[in-house]
Amino acid sequence: MLDLDSLQERFGNEITESSFRDNRRIVVPSDKVYFVLEQLWREWGFDMLVEMTAADYLEYPGATDRFGVMYVLLNTTTGERVIIKTHLNLPDPELPSVFPLWHSADWLEREIFDMFGIKFEGHPDLRRILMPEEFTAFPLRKDYPLKGRGERHNFPVITRAES
Amino acid sequence: MAVGLPENLFLTKLDAAASWARSNSLWPMPFATACCGIELMATAASRHDMARFGAEVMRFSPRQCDLLIVAGRVVMKMLPVLQRIWLQMPEPKWCISMGACACTGGVFDTYAVVQGVDRFIPVDMYVPGCPPRPEQLLAALIEMQEKIMRTGTLTGREFAGRTKSNGPPPFDLDEVRRSQEAVGVPGLDIYTPPEIQLGNAGKLN
Amino acid sequence: MPLTLADTLPTEANEREYLWTLNFGPQHPATHTTLRLILTLDGEKMVDCVPHIGYLHSGFEKLGEHLDFNQYVTIVDRMNYISPVANEIAWHHAVEKLIGVELTPRCKYLRTILAELMRLHDHLLNVGTAALDLGAFTAFLYGFQQRENIYDLVEYASGQRFHASYTRVGGVLFDVNDAWVERVRKFVKEMPATLREIDGLLTRNRIFIDRTKGIGVLTKADAISWGATGPLARASGVVRDLRRDEPYLAYPDLDFQVICSEAGDCYARFLCRMREMWESLKILEQAIENIPGGPVNIDANTDAVLPAKPAVYRSIEGLIQHFEVLMPNRGYDVPSEEIYAATESPNGELGFYIVGDGNVRAYRARTRPPSYIHFAMLPHMIRGYQLSDLVAILGSINIIAAELDR
């Protein structure tokens with residue numbers, strides 16, 4: 001069972017813990033997140049990155065930071081889960097890639113880059129994955145409208161005469 | 001048989017014979033992207049059996065097909081592929097738009113989904129439903145056969161009449177309003193409709 | 001000067017000329033869905049592959065931020081469209097965990113039955129199409145016959161044969177009657193015959209074994225590192241099943257086994273799926289016999305669940321209750337919290353990360369799609385195999401495009 005004290009001892013008191021239902025969350029400042037994750041991977045046996053996602057807190061009541069990035073880790077031997085959360089801000093949201101620790105971070109990080117524009121330093125192949133290459137916006141940001149900005153109608157029309 | 005033909009002969013027009021042959025040996029090109037694709041599979045599989053209508057020969061190369069079945073939503077990244085497949089199919093060719101998403105975008109009124117494939121390629125038959133039951137698709141296939149029987153000619157003259165996409169215009173007023181909302185233009189309440197060439201909306205072949 | 005070995009080896013330049021590139025998809029029969037691979041081939045051997053996805057990206061997660069918890073179920077349905085109700089169960093599992101709703105025993109059993117029916121639904125199609133790609137058409141037709149029976153069961157319960165939209169927060173749309181239970185019982189009796197038929201067609205089929213055994217091997221360490229879950233991970237020796245490890249619904253009461261294998265190849269995945277279907281039948285049998293009576297929805301007075309339709313149309317209390325739930329700013333008491341909750345869907349761990357802001361719609365509704373995570377490891381799995389093995393591997397990892405791209 002992961003205990004917070006040893007993490008705080010090593011990485012300072014900015015690391016806080018909270019829990020909700022059966023979820024256990026540890027909030028880590030963004031400059032230390034890679035080292036904390038590496039520690040969890042190396043010493044606490046969290047060998048699977050189950051899920052990695054982000055959220056845009058632009059319209060969230062009482063939020064102070066723009067983006068949150070969550071890592072859901074799992075220890076496949078003991079079944080223990082922990083969620084590591086970190087916050088990022090504009091204009092240049094960037095995190096170190098965790099691809100060296102868990103291979104599943106490959107596409108998860110690409111998706112976050114595609115949807116939120118958060119860059120991952122050290123990622124082997126950081127390209128757009130779901131949207132077309134020439135797309136310029138980041139669709140899951142809260143300032144992007146649900147129905148888009150008309151990109152979906154920007155195609156040539158093929159008529160019977162042409163086909 | 002007033003003219004006294006032998007009983008194994010009958011008279012018909014060449015146009016009708018060609019249409020009859022075409023309508024009863026449709027080779028579908030299943031452009032199956034999403035859920036409707038599974039119902040398309042169900043239509044071809046044991047219980048519903050599309051072979052009863054001569055359309056079981058699914059070919060995945062557009063060069064061999066004459067009926068495009070767009071089953072499922074088509075998104076921005078996929079639309080150029082769909083157009084290319086349509087252009088690759090040889091004449092005479094027809095298109096069935098299967099399911100709410102292919103017809104209108106359905107529940108997916110989002111940034112990525114094309115709001116109806118008929119904006120960008122010609123469509124002959126729409127099948128509503130999300131997804132349509134296999135029976136509905138079979139009904140559409142039978143309708144399609146009747147349409148081919150009705151309109152077909154040996155030389156393909158009928159295609160000259162269908163010169164334009166017969167769906168809604170690719171750029172409609174509603175869409176302009178939405179895109180204005182989207183970029184957050186101030187003064188949306190004093191909205192004035194922009195001038196738009198309406199194309200040939202609603203013009204049927 | 002004599003030639004050394006280094007001179008005869010290909011340099012980097014002529015090696016690049018020697019390899020050639022093949023485009024696979026996005027419209028190809030063996031992909032079943034809309035995905036595209038750029039393969040690099042050395043003769044017929046696959047050297048590398050770059051998957052391109054997003055050909056069905058429809059903005060599910062953006063829609064989840066604009067629809068409330070009951071409305072979004074119609075969208076979630078369309079995510080993994082070969083086992084729709086399993087998605088609904090996963091979504092409402094997460095929502096109910098966020099709100100803090102405890103289901104009634106009958107609802108727990110009912111959802112368990114549906115989840116297991118969906119597991120059969122998925123595995124039948126997957127086994128059928130995996131064999132179809134290798135040239136065996138009959139197993140697909142046998143499987144589809146039983147899938148139609150499952151469609152009938154879902155239609156009988158919910159009114160829609162494909163996308164049922166059956167679950168609601170704190171319950172389901174309609175309660176089922178005894179006739180439905182009887183139909184499921186009949187189905188459970190008939191299903192083993194089909195399974196035996198498919199088994200007889202494939203399991204000891206020489207061609208099928210030659211095409212799948214030793215192909216697409218995924219080791220246990222790789223499976224964990226790439227985040228594999230579900231039958232794919234269990235076939236590689238990762239003994240993990242959320243139904244057993246983090247029990248939800250009625251699974252703690254039921255007796256079943258977690259099917260595992262150590263080989264990690266396509267054949268092991270096929271066998272795992274076949275055995276899992278037998279386990280599902282076992283679960284179904286127990287759940288059908290023990291389904292408790294009583295109400296299926298939680299008590300309507302707690303303001304969290306939609307009342308039954310007859311009550312809405314015929315009584316003023318029901319109508320008021322209906323509007324209480326549907327009106328904005330009324331209804332559930334949603335905490336401003338975040339939660340990750342997962343269920344064992346047929347394809348693997350299907351989780352939802354929901355951020356609640358006190359509103360009846362999610363502030364952020366993230367899906368953890370198993371297909372997406374499994375497809376990321378495809379380049380790793382196919383290296384060194386023949387081109388014709390690609391369809392066997394693709395078939396065995398069961399990629400569903402709508403879940404892949406969302």
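Here are some notes on this predicted model, point by point.

1. Ground rules. In this predicted model, local features need pLDDT of at least 70 and side-chain atom pairs count only at pLDDT 80 or more, while totals for chains, interfaces and linings use all residues. Residues are numbered from 1 along each chain as its sequence is written, chains are lettered from A and ligands numbered from 1 in the order in which they are written, and side-chain values use heavy atoms, with hydrogens and water left out.

2. Chain A. You'll find three helices and seven strands here (DSSP runs: H or I of at least four residues for helices, E of at least two for strands, numbered from the N terminus). From the N terminus their order is α-β-β-α-β-β-β-β-α-β. Of the 163 residues, 58% count as buried, meaning under 20% relative accessible area; exposed is over 50% and partly exposed is in between (1.4 Å probe, protein chains only).

3. Helix α2 of chain A. This helix spans residues 33–43, and its buried residues include V33(A), Y34(A), L37(A) and L40(A). The buried residues pack against α1 (4–11), β4 (67–74), β5 (81–88) and β6 (94–96) of chain A; contact here means heavy atoms within 4.5 Å. After α2(A) comes G45(A), with a positive phi near 75 degrees.

4. Chain B. Seven helices and four strands make up the list for this chain, and they follow the pattern α-β-α-β-α-β-α-β-α-α-α. Buried residues are 51% of its 205 residues. Take the contacts between residues at least 6 apart in sequence: 76% of them join residues at least 24 apart. For chain A, the share of contacts with a separation of 6 or more that comes from residues 24 or more positions apart is 50%.

5. The nonpolar cores. A nonpolar core is a set of buried Ala, Val, Leu, Ile, Met, Phe, Trp, Tyr and Cys residues joined through side-chain atoms within 4.5 Å. The largest has 204 residues, and Y71(A), L68(B), F69(C) and W180(C) touch the most other members. Helix α6 (residues 105–133) of chain C gives the most to this core, with 12 residues. Apart from it lies another core of 21 residues, including M58(B) and L141(B).

6. A helix pair in chain C. How do α7 (residues 138–158) and α8 (residues 178–202) of chain C sit, and at what angle do they cross? Their axes come within 10 Å and cross at roughly 170 degrees, which makes α7(C) roughly antiparallel to α8(C). (Axes are lines fitted to C-alpha atoms, for helices over the stretch in contact, with angles from 0 to 180 degrees between N-to-C directions; under 35 degrees is roughly parallel, over 145 roughly antiparallel, 65 to 115 roughly perpendicular and the rest oblique.) Among the residues that meet are Y142(C) and L153(C) from α7(C), and W180(C) and F187(C) from α8(C).

7. Where chains C and A meet. The contact takes 46 residues from chain C and 47 residues from chain A. Together they bury about 4,000 Å², 56% of it on carbon and sulfur atoms; buried area is the accessible area (1.4 Å probe) that two parts lose on being put together, summed over both. K62(C), Y363(C) and Y372(C) supply 18% of what chain C buries against chain A, more than any other three residues.

8. H52(C). This residue is in strand β3 (residues 45–52) of chain C. At 23% relative accessibility, H52(C) counts as partly exposed. Leaving aside neighbours within four places in sequence, H52(C) is in contact with R127(A), L35(C), R36(C) and I38(C).
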